[in-house]
Amino acid sequence: MIKKENAVKLMKELISNGYEAYMVGGCVRDTLMNRAVNDYDITTNASPEEIMKVFEDYHVIPTGVKHGTVTVVSQGIAFEITTYRVDGDYSDSRRPDSVRYTCELTEDLARRDFTMNAIAMDINGRIIDPFNGKNDIENRIIRCVGEPCKRFTEDALRIMRGVRFASQLGFELEENTKKAVKELKNRLDFVSAERIHTELDKLLCGKHCTDVLLEYSGVLAVFIPETEFCVGFDQHSPYHKYTVWEHIARAVGAVQEDDITVKRAMLFHDIGKPLCYTQDETGRGHFKGHADVGAELAVKIMKRLKYDNKSVSDTSTLIRHHSVKLKSDIQVKKLLSQLGDKLFFRLLDVKRADNSAKQEFVLAELEGFDKIESYAKTLLDQGACLKISQLAIDGNRLVSIGYSGRAVGEMLCELLELVIEEKLENTAETLADYAVRRLSE
């Protein structure tokens with residue numbers, strides 16, 4: 001409520017100075033849907049210079065004055081206040097080349113992407129809705145304001161926003177809007193990789209992501225062409241009842257909505273299957289090596305989409321290990337040591353999501369994953385030796401024994417492996433004796 005109270009306060013400041021002020025866009029849409037509101041955007045007939053004059057006693061940031069936007073900070077919260085405007089041509093399919101300020105709120109709303117985002121609300125909760133966005137919200141429809149082809153040609157990112165909203169809200173794209181999305185999808189080539197991957201992540205975290213991934217696979221194939229080979233690819237496997245792409249889409253949907261790392265891993269986990277496919281004499285399909293191939297493809301794709309290095313590393317690591325069988329306590333300890341606890345538990349979530357999108361009999365393995373998780377947590381709670389720093393001796397002790405240079409690190413790794421394999425006790429005397437023997441060999 002603090003954000004809303006601050007937004008209303010800023011609106012009152014504008015109104016008391018003789019200007020109009022309305023909440024607009026996503027905050028109004030989410031209010032009408034009884035959803036949590038994250039940001040409040042304000043629109044006004046005051047010019048950027050007039051906005052800065054009204055809020056001269058506030059911290060003001062002229063973030064987008066060229067396009068009529070000023071950021072005003074109130075109680076540590078930033079609010080974007082934008083002058084009513086009409087956009088000029090979009091020569092780069094990203095931003096208008098120029099803007100013209102207007103005194104008419106309706107003209108400002110007319111430039112927005114979808115009717116559900118073209119609704120304004122005054123400080124008393126009165127709705128201004130010239131494009132029937134409220135009606136579209138009630139009917140769960142995503143409809144472009146005006147001509148869809150024009151909207152998507154102006155800013156191609158709106159294509160991704162449309163399918164992302166479908167994933168988050170469970171709305172259907174209106175037929176003409178849907179047609180334009182599919183016809184103009186290649187215009188996404190004009191959009192920066194950073195903007196694409198931001199929308200992709202939001203899409204993957206949507207409650208209805210599976211339906212959207214299935215219906216709009218062609219949109220994703222524009223910037224992830226590797227997915228095209230997965231669509232319609234029959235696995236010919238007794239473990240699978242879906243094509244590769246449908247399995248992927250359902251596995252993504254099986255992941256908790258807030259875990260984007262696992263979501264990304266599921267999007268790419270089987271992307272290498274078409275490249276690894278072989279068929280035996282019985283007609284059964286096999287995908288030997290697909291985890292490594294998928295991990296390599298994920299690295300290539302995510303770097304192309306300008307993801308940060310940690311995201312790339314975490315995602316590819318999960319994919320590389322998603323088919324690993326954990327059949328013994330020692331294997332669990334080794335992998336927990338190798339991945340660290342956070343990635344290890346995410347790997348179990350990857351395995352759960354993977355199995356949930358297979359044949360029903362495979363679901364029996366889910367109980368096994370729960371037992372593995374419980375065992376791993378017990379190891380961590382008991383302080384089991386899983387890292388070099390937990391060994392009973394350190395590098396200095398090895399140096400005193402006679403080790404030097406790289407040999408110190410190599411021996412520490414060897415000792416850790418033997419402790420994990422329960423071949424050595426983690427005591428200073430036992431580890432030192434072993435190191436001495438190895439030095440004399």
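**Close-up views of a predicted model**

**View 1. Phe223 and its neighbours in the predicted model.** Leaving aside residues up to four places away in sequence, Phe223 touches Met160, Leu188, Ile196, Leu200, Arg304 and Leu305; the model in which these contacts are found is a predicted one. Phe223 also belongs to the largest nonpolar core, which holds 101 residues, and it is listed there together with Met160, Leu200, Leu267 and Phe344 as touching the most other members. Apart from this core lies another, made up of 17 residues, including Leu412, Leu418, Val419 and Tyr434.

**View 2. The packing of helix H7 with helix H9.** Helix H7, which spans residues 157-169, packs with helix H9, residues 193-204, at an angle of about 15°, and their axes are 8 Å apart. Because angles under 35 degrees count as roughly parallel, H7 and H9 are described as roughly parallel to each other, and their crossing is left-handed. On the H7 side the contact is made by Leu157, Met160, Arg161, Val163, Arg164, Ser167 and Gln168, while H9 contributes Arg195, Ile196, Glu199, Leu200, Lys202 and Leu203. Sorted by class, the residues of this contact are 6 nonpolar, 2 polar and 5 charged.

**View 3. The crossing of helix H13 and helix H18.** The axes of helix H13 (residues 260-268) and helix H18 (residues 341-356) cross at roughly 45° and come within 10 Å, so that H13 is oblique to H18. This crossing of H13 and H18 is right-handed. Thr261, Val262, Ala265 and Met266 of H13 meet Arg346, Asp349, Val350, Ala353 and Asp354 of H18, and the contact between the two helices has 5 nonpolar, 1 polar and 3 charged residues.

How values were computed. Residues numbered from 1 in each chain as written. Predicted model: local features only at pLDDT ≥ 70, side-chain atom pairs only at ≥ 80, totals over all residues. Heavy atoms only, no water. Core = buried A, V, L, I, M, F, W, Y, C linked by side-chain atoms within 4.5 Å. Buried < 20%, exposed > 50% of the residue type's maximum accessible area, 1.4 Å probe, protein only. Contact = heavy atoms within 4.5 Å. Axes fitted to C-alpha atoms, helices over the stretch in contact; angles between N-to-C directions. Helix = DSSP H or I, 4+ residues; strand = E, 2+ residues; numbered from the N terminus. Parallel < 35°, antiparallel > 145°, perpendicular 65-115°, else oblique. Left-handed = near helix turned anticlockwise from the far one by under 90°. Nonpolar A, V, L, I, M, F, W, Y, C, P; charged D, E, K, R; others polar.
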